[in-house]
Amino acid sequence: MATNVGALPMERRYETGIARWLTTVNHKDIGILYLVSAFLFFFVGGIESLLIRLQLGEPNNTLLSPDVYNQIFTMHGTTMIFLFVMPVMAGFGNYIVPLMIGARDMAFPRLNALSFWTFLFGGLLLYSSFLLGGAPNAGWFAYAPLTSTQYAPTHGMDFWVLGILMTGVGSTVGSLNFVVTILNLRAPGMKMSKMPLYVWQQLVTSFIILFALPSLTVAAILLFLERNFGAPFYLANQGGDPLLWQHLFWFFGHPEVYILILPAFGIISEVLPTFARKPIFGYTAVAYSGVAIGFLGFTVWAHHMFAVGMNPIADAVFSIDSMIIAVPTSIKIFNWIATIWGGKINFKAPFLFAVGFIAMFIIGGLSGVSLAVVPINFQVTDTYYVVAHLHYVLFGGSVFAIFAGIYYWFPKITGRLMNDRLGHLQFWIQFVGFNLTFFPMHILGLLGMPRRIYTYGSQYGWDTLNLLETIGAFTIAMAILVFVWNVVTSLRRGEKAGNDPWDGQTLEWTTSSPPPAYNFATIPTVHTRRPFWDQKYPQLATEKSKTPALVMPAADDAHGAVHLPAGSFYPIIIALGLAVAFYAMIFMLPLSLIGVVIVFAGIIGWVREPR
Amino acid sequence: MSDIAAEHPIEPTSLGIDNRKLVVWTFIASEVMFFTGLIVTYIVMRGRSTTGPYPEEALSVPLVAINTFILLSSSFTMVTALSAIQRGDARGLRRWLIATAVLGLLFLSGQAVEFTTLFNDGASLSSNLFGATFFTLTGFHGMHVFVGVIWIAFVLARAFRGGVTKDNHLAVELVGLYWHFVDIVWIIIFTVVYLLRM
Amino acid sequence: MISRQKNFPMRTLFLVLGLLAIIALAGCAGSPTWFEPASSNAALITHLGTAIFLIAIGVFVIVEAMLVFSVVRFSRKREGEALQIEGNRKLEIAWTAAPAIVLAVVFALSLQTLQSVAYSPAPDPAGTPAGDAVHVRVVGHQWWWEFDYPELNITTANELHVPVNTVVNFDLESVDVIHSFWVPQLAGKTDVIPGHINHTWFKADQLGTFHGQCAEFCGEEHALMQFQVVVQSPDQFQTWVAQQQAPAAAMTGDAAKGEQLFLNGACIGCHTVNGTKAAGKVGPNLTHLASRKYFAGNVFENNAANLKKWLTDPPAMKPGTLMPNLHLAPTDIDALVAYLTSLK
């Protein structure tokens with residue numbers, strides 16, 4: 001059934017209601033699905049962190065039993081990493097990347113839907129563990145042999161493995177989509193050297209995922225086989241080695257942190273130029289330093305293992321690699337500061353969050369360098385010093401950048417601006433709360449407090465700082481409430497945004513807010529890095545270009561209707577089949593055949609469906 | 001992938017490679033990392049079994065060498081199938097695709113025999129570290145071969161419906177890429193596990 | 001909106017001062033901190049750490065100042081547009097080289113310290129306690145620490161005695177999951193991993209008692225897997241050695257009654273008392289339990305009241321502990337406590 005939108009007729013099998021959302025293959029819809037789901041997981045992960053802080057707020061506390069505490073902190077880490085930051089970045093990427101490169105959609109719309117549904121079902125599968133015998137309780141990096149059936153007798157770790165594998169399918173498939181989309185669907189004239197930096201970082205991130213995730217997949221499969229089929233990979237008394245887990249895991253785990261931060265770098269690299277009203281300083285350096293970080297990230301994994309008894313020479317090698325990787329990161333920071341310098345700053349919420357990001361990431365980066373110093377690492381690893389470091393880069397870094405991205409692109413996605421004053425309010429409460437929560441953790445680590453302890457005695461002098469941190473955590477919670485309030489009221493009554501509320505530089509701001517289903521009536525041609533800016537302000541253009549920076553043919557020049565892929569049930573069916581198979585693998589292996597059959601049926605349907 | 005009939009003109013791509021070809025190459029690159037993890041695990045765990053059966057006794061090269069030859073031949077038939085359709089020989093395509101699938105199934109049968117022999121020697125996922133690493137590595141490889149055979153079946157089905165032509169045979173190229181990858185992985189596994197006894 | 005920019009530097013200053021005050025306060029509390037090292041090797045790490053932190057603070061101040069300055073300066077309303085600068089080759093080279101140089105310096109410093117702490121200066125284990133190196137075998141259990149002195153024929157738990165100014169070499173093992181042996185004031189941590197034997201060492205240069213704790217998440221009671229290191233003069237150490245080498249004390253009265261209950265009960269399945277038929281290896285060696293200040297992973301004060309509570313219901317005190325509730329009769333518990341408190 002064709003519908004007319006503006007001048008362009010389109011086909012759309014389902015347009016409204018649940019059916020639309022279950023079958024959508026449109027990148028903008030899927031982006032929204034990702035963002036909303038990820039934030040729901042964020043709230044759950046946040047509640048988990050509040051429980052942790054309540055338990056640790058005073059010494060010898062009995063609010064949470066050790067068993068429950070261990071499940072909560074395991075799920076907190078797993079949720080924030082796999083079910084919040086990664087999907088949020090996928091959500092932004094999905095919504096924004098095609099717009100930024102002048103494409104109509106991602107290269108493989110149904111694959112895109114599949115990546116979302118497998119993420120969602122993977123997350124739900126993981127959380128169902130609370131109701132089915134207990135959540136995983138061995139920490140988010142699940143060191144063997146604590147994860148064996150002897151020491152983790154509930155199904156919790158099986159849920160962890162299968163949840164990770166399932167969300168891993170989603171990430172892999174999503175990354176394949178990004179790679180092909182970014183490499184192949186750029187608008188005419190948009191060479192790689194003209195691509196927005198957000199797209200660069202998303203591309204590198206996608207490659208990292210594709211090359212790092214398989215190591216986790218292997219580790220997780222081996223763990224599942226050990227737990228359920230007696231395969232002694234990590235069991236020392238049968239010749240296995242717990243360190244095999246650590247190497248396989250961290251070979252993924254270190255690139256994983258770059259997966260979590262590079263898209264954030266990308267967001268900052270878009271927000272700063274827009275709100276400083278000038279180009280990014282050192283585009284090439286920012287782009288290539290991202291690539292360098294992508295490569296180098298694979299060479300440093302054992303810096304998570306300095307205390308396991310490796311040869312000191314090996315320690316030294318990983319140490320120097322870890323220092324080397326600090327160089328491209330510092331370059332970016334200086335480039336960002338230089339982008340601000342000389343700008344005519346539009347001091348809106350996205351900019352404020354971006355500045356907060358840089359300020360916090362500097363701290364996280366410095367504590368990271370200190371962790372790379374092996375003798376220091378011997379003292380601070382596995383203490384609250386590491387917890388401080390990781391939260392400065394993941395929260396102070398990624399999460400602040402995520403909020404910058406939300407305030408920045410919310411108007412594009414919804415057509416309405418978020419309230420800027422509430423945004424500033426959220427920022428300051430969050431900034432104070434964040435530093436109050438996590439800065440003292442550096443000190444606690446230096447004062448000897450190990451991580452992952454459910455309680456502590458009052459004779460160590462850790463009481464006051466822990467209490468302050470708990471207060472800080474609830475302060476952050478208040479900031480998040482301000483955020484939620486802002487979102488809800490802005491959706492209803494926010495100021496209309498128009499196409500280009502920030503006087504932007506890149507292609508997404510040329511479309512309406514929200515963009516039409518087909519994004520661009522006709523695919524634009526670009527000749528500079530800031531095609532929209534250069535079109536608006538040719539006198540301020542920095543790149544020499546004889547041809548106009550941006551050419552957007554009129555809609556009447558379109559050759560007939562724009563074909564948009566119709567919705568499809570097969571992605572969600574396949575994801576469901578996978579979930580059935582995985583549940584069966586935990587509880588009754590033969591039934592997994594049913595899941596396999598469903599997946600197979602889904603694939604057949606998919607293949608036979610007209611594109 | 002549905003009928004790649006010319007319903008909608010395929011837009012030119014920035015790199016000049018078809019999207020689907022790019023995605024298969026990229027996917028294969030990721031799978032390389034997956035098998036690297038399994039192979040490395042096999043190698044570093046070699047010699048650490050605390051109990052038998054040990055690979056020195058349990059593994060026999062002759063049967064598996066034949067099996068390797070079969071899989072290698074299937075790559076040859078796959079190439080032949082592709083070159084057939086490149087010449088427009090639809091019948092040749094179908095014939096050589098069937099041959100490839102049959103050889104693939106033969107390989108899998110050979111693996112089944114090898115696995116059964118090993119089971120009878122007491123090797124299994126839980127018997128010892130050798131059993132665990134061996135069956136995981138070769139098992140996942142076998143699964144990949146099986147998926148390949150199914151993929152060939154899909155392409156064959158389309159070929160029988162007349163949907164694969166001289167101008168439109170990307171599907172054959174893609175399944176061929178995947179098939180050769182699976183073959184190369186096997187060559188490495190065969191070398192590491194059976195020949196070099198690493 | 002605009003006025004907030006002016007408050008930015010003030011707020012930051014306030015925050016920093018506040019935090020410094022907190023740091024100052026927190027330091028005076030008897031924490032097991034490696035900034036109060038009590039061994040020559042730990043002191044090396046402290047010096048390195050101090051140097052690195054000073055460098056880090058310096059970098060922090062400089063870079064944050066650059067950031068804050070840029071934000072504040074260019075948030076002010078002004079005429080005209082922003083400077084459309086794309087880059088500056090010289091500047092970019094400078095800020096690539098500068099971090100690289102700083103990091104090279106940091107690495108070089110770290111290498112020196114690493115070499116000094118990673119290798120024991122007296123690697124050969126030796127028997128005699130005074131003067132030569134002492135050799136200790138550490139075995140991590142869920143959730144307590146076993147300490148053996150093989151050459152001295154001593155097996156004890158949770159309380160490690162060492163002579164001052166003597167190299168102590170450790171062999172580190174685990175019987176179950178990965179733990180980490182860490183006493184911050186005496187050495188960096190080293191994991192104990194099933195299937196591996198790791199090594200560490202330290203040379204204490206101060207007398208005193210130093211807190212140690214498991215530093216690798218190892219299950220339910222990771223938090224309560226602690227130990228202490230008692231650094232003694234050579235004479236005091238000799239005395240302790242002799243005491244620990246002696247067989248279990250002879251029992252009379254209530255303690256004797258307790259001893260009988262112990263030897264005929266489930267206790268011997270897990271515990272060892274030297275010189276008796278109790279030879280269990282699952283739980284700590286109890287021969288000289290009464291000589292230790294704490295028990296159950298060095299967490300509970302070792303006195304009659306706590307022991308009674310423990311024997312009544314161990315999982316109530318330490319949930320997840322492998323010692324089950326044996327549902328002992330209260331009179332039996334009293335006798336056992338009398339016995340245990342006599343095992344000096």
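Which residues does Gln71(A) touch, not counting residues up to four places away in sequence? The residues are Phe130(A), Gly134(A), Ala135(A), Pro136(A) and Asn137(A), where contact means heavy atoms within 4.5 Å. The structure is a predicted model, in which local features need pLDDT of at least 70 and side-chain atom pairs count only at pLDDT 80 or more, while totals for chains, interfaces and linings use all residues. Residues are numbered from 1 along each chain as its sequence is written, chains are lettered from A and ligands numbered from 1 in the order in which they are written, and side-chain values use heavy atoms, with hydrogens and water left out.

Gln71(A) lies in helix H3 of chain A, residues 66-100. Helices (H or I, at least four residues) and strands (E, at least two) are DSSP runs, numbered from the N terminus. With a relative accessible area of 12%, Gln71(A) is buried. The classes are buried for under 20% relative accessible area, exposed for over 50%, and partly exposed in between (1.4 Å probe, protein chains only).

Chain C contains eight helices and twelve strands. Of its 344 residues, 49% are buried. Among contacts in chain C between residues at least 6 apart in sequence, those joining residues at least 24 apart account for 62%.

Two pairs of chains are in contact, and chains A and C share the most contacts. In this pair, 93 residues of chain C are in contact with 101 residues of chain A. Chain C and chain A bury about 8,300 Å² between them, 71% of it on carbon and sulfur atoms; buried area is the accessible area (1.4 Å probe) that two parts lose on being put together, summed over both. One salt bridge is found across the interface of chain C and chain A, a salt bridge being a side-chain nitrogen of Lys or Arg within 4 Å of a carboxyl oxygen of Asp or Glu. The salt bridge joins the side chains of Glu81(C) and Arg277(A), at 2.6 Å from N to O.

Between chain C and chain A, 25 residue pairs are in polar contact, with both residues at pLDDT 80 or more. A polar contact is a pair of N or O atoms within 3.5 Å; within protein, one must be able to donate a hydrogen and the other to accept it, and residues adjacent in sequence count only if both atoms are side-chain atoms. On the side of chain C that touches chain A, at least two residues each come from helix H1 (2-27), helix H2 (40-75), helix H3 (89-118), strand S7 (190-192) and strand S9 (208-214) of chain C. H2(C) gives the most, with 17 residues. By class, this side of chain C has 54 nonpolar, 25 polar and 14 charged residues. Ala, Val, Leu, Ile, Met, Phe, Trp, Tyr, Cys and Pro count as nonpolar, Asp, Glu, Lys and Arg as charged, and the others, Gly among them, as polar.

The contact between chain A and chain B takes 40 residues from chain A and 39 residues from chain B. These chains bury about 3,400 Å² between them, with 69% on carbon and sulfur atoms. Helix H5 (156-184), helix H6 (197-229), helix H7 (242-276) and helix H18 (592-608) of chain A each supply at least two residues of the side that touches chain B. H6(A) gives the most to this side, with ten residues. The side of chain A that touches chain B divides into 27 nonpolar, nine polar and four charged residues. No contact joins chain B and chain C, and their closest C-alpha atoms lie 11 Å apart.

Arg186(A) is found in the loop between H5 and H6 of chain A and is buried, with a relative accessible area of 10%. Leaving aside neighbours within four places in sequence, Arg186(A) is in contact with residues including Ile101(A), Ser14(B) and Leu15(B). The side chain of Arg186(A) reaches the backbone oxygen of Leu183(A) at 2.8 Å, and one of its polar atoms lies 2.9 Å from the backbone oxygen of Met190(A). Ile17(B), in the segment before helix H1 (19-45) of chain B, counts as partly exposed at 30% relative accessibility.
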